[in-house]
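Have a look at the sequence and the 3D view first, then read on.

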Amino acid sequence: MIPLYKKALFRTLRFFAWSLFSAWLFFLFENTEKDDAQVKLQLLRSLYESMASKYNMSIEEFNGFSKVAYEALSEPKRQWSYYEAVDFTFQAFTTIGYGYITPQTPTGQIMCILVCFLGIPITMLALKSVGEVILKLVNTVITKFEKNILGRPVPKQVQTKSAVILFLLMLLTIFVIGLLQISVKVNLLQRVYFAFVTCSTIGFGDYIPFQISRRIDHLPVNGSNDAFKEKKQGPDVFYALSWEIEVIFGLCLVSSVLNSIMAAMEERKWHYPGCIPRKTRKPVDMDPAITTQQQGVSDLANKTLVNVACQTETRL
C-alpha cells in the first residue's frame, strides 16, 4: 500500500475510534431519563386545561394564542450596527460562530460566503504565524536556560519540553480568561468551559459573551417601556475590545500548542504502524559465509581502484 494512503487510512480510523469513544463517554454522563420535550408538552397541556376551564377556550384558540405568545416572549433578533457587524466578522473569520447574530437577508448570506473564503485563510495564517513566533520564543528560552543555567551544551528534546510548557500556559490562559469574563452570569467552572469553547473555536453558543437578555418577561401595567431599557443596553465598547484581545491571544496560544505538539511528534519520531524510520531499522541477519564473501569482494574492489589510480599517476 502506498505510504500516503496508509497514513490517511490510519488517521481516519483513529478519528472514528476517538469520536466513538468520546461519544460513549458523553452518553454515560449526559444521558438522563428525563425527556424535556414531554415535560414541555405536559406543561402546555396543563395550561390549556386551566384556561379552558376558566375562559371556555377551544383547542384551536389556545394554539393560536400560544403561538403568538411564544413569538412575543422569545429572544428578539439583534439589530445590526457597525459594532455588531465587527462582532459578527470576528466570529466568522475565527470560525468561533456563537450563532446569536447571523445574516438574515439573501444578500448578506451570499456576502458571508464570499468574505469568509478569503477572511478565514487570512485569519488562520495570522494565528499560525503568531503561534510559530511564540513557539520559537519558548524554544529559545529553554535552550538558553539549559545551556547557561544547567550547563548542557546540547539540549535534548526541546520541542517536547516546549509543548508541555505551552500546554500548561494555555490552560492557565483559559482559566484567566474565564475568571475575567464576568459578563457571562454563570459559575467559574462554566466560565472556564466557555473560555475553552471559545479559544478552541468550537463556539457552541450555549454561553455567549455580553449575555444581556433582551427577552420580554413581563408586560408593564402602565404600558411603558421603562422596564426593558436596561435589558436592551449593549456591552461597553472598551470591555468588548479587551475581550476580543483576550480571545485572539488565546487563539494564538492554541495555535502555538498545536505547532509544538506536531514538532514534538517529529522530534520523538512518532509514526503510524507499518512505517519504521530508516535510522531505526535493524540490519537483516546474514549468513557469516555470505558476509565474509561480500567483504572479500569489497576488499578486491578497493585494491583494484588503488592500482588503477597508481598506474594513472605513473603515466602522468
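Is glutamate 84 buried or exposed? Glutamate 84 is buried, because its relative accessible area is 11%. Here, buried means under 20% relative accessible area, exposed means over 50%, and partly exposed is in between, using a 1.4 Å probe and protein chains only.

## What you're looking at

This is a predicted model, in which local features need pLDDT of at least 70 and side-chain atom pairs count only at pLDDT 80 or more, while totals for chains, interfaces and linings use all residues. Residues are numbered from 1 along each chain as its sequence is written, and side-chain values use heavy atoms, with hydrogens and water left out.

The chain has nine helices and zero strands. Helices (H or I, at least four residues) and strands (E, at least two) are DSSP runs, numbered from the N terminus. Read from the N terminus, the order of elements is α-α-α-α-α-α-α-α-α.

Of the 316 residues in the chain, 23% are buried. Contact means heavy atoms within 4.5 Å. Take the contacts between residues at least 6 apart in sequence: 59% of them join residues at least 24 apart.

Leaving out residues up to four places away in sequence, glutamate 84 touches Arg78, Gln79 and Ile101.

Helix 4 (residues 82-93) also has a partner: its axis and that of helix 5 (residues 106-149) come within 8 Å and cross at roughly 65°. Axes are lines fitted to C-alpha atoms, for helices over the stretch in contact, and angles run from 0 to 180 degrees between N-to-C directions. The crossing of helix 4 and helix 5 is right-handed. A crossing gets that label if the near helix is turned clockwise from the far one by less than a right angle, and is left-handed if anticlockwise.

Who does the touching? On the helix 4 side, the contact is made by Phe88, Ala92 and Phe93. Helix 5 brings Cys112, Val115, Cys116, Gly119, Ile120, Thr123 and Met124. Sorted by class, that contact has eight nonpolar, two polar and no charged residues. For this sorting, Ala, Val, Leu, Ile, Met, Phe, Trp, Tyr, Cys and Pro count as nonpolar, Asp, Glu, Lys and Arg as charged, and the others, Gly among them, as polar.

Valine 115 belongs to helix 5. With a relative accessible area of 34%, valine 115 is partly exposed. The C-alpha atoms of valine 115 and alanine 92 are separated by 9.4 Å, and the two residues are 23 residues apart along the chain.

Helix 6 has 23 residues and reaches 32 Å from its first C-alpha to its last, close to the 33 Å expected at 1.5 Å a residue. The expected span is 1.5 Å times one less than the number of residues in the helix. Among the buried residues of helix 6 are Val158, Leu166, Met170 and Ile177. Threonine 160, also in helix 6, counts as buried because its relative accessibility is 17%. Setting aside neighbours within four places in sequence, threonine 160 is in contact with Ala264, Glu267 and Arg268.

Helix 7 (residues 188-199) has twelve residues and reaches 16 Å from first C-alpha to last, close to the 16 Å expected. Its buried residues include Arg191, Phe194 and Val197.

Most residues other than glycine have a negative phi. Asparagine 56, in the loop between helix 2 (36-55) and helix 3 (59-73), has a positive phi near 55°. Asparagine 56 counts as exposed, because its relative accessibility is 68%. In the loop between helix 5 and helix 6 (158-180) you'll find glutamine 157, with a positive phi near 50°. Just after helix 7, threonine 201 takes a positive phi of about 60°.
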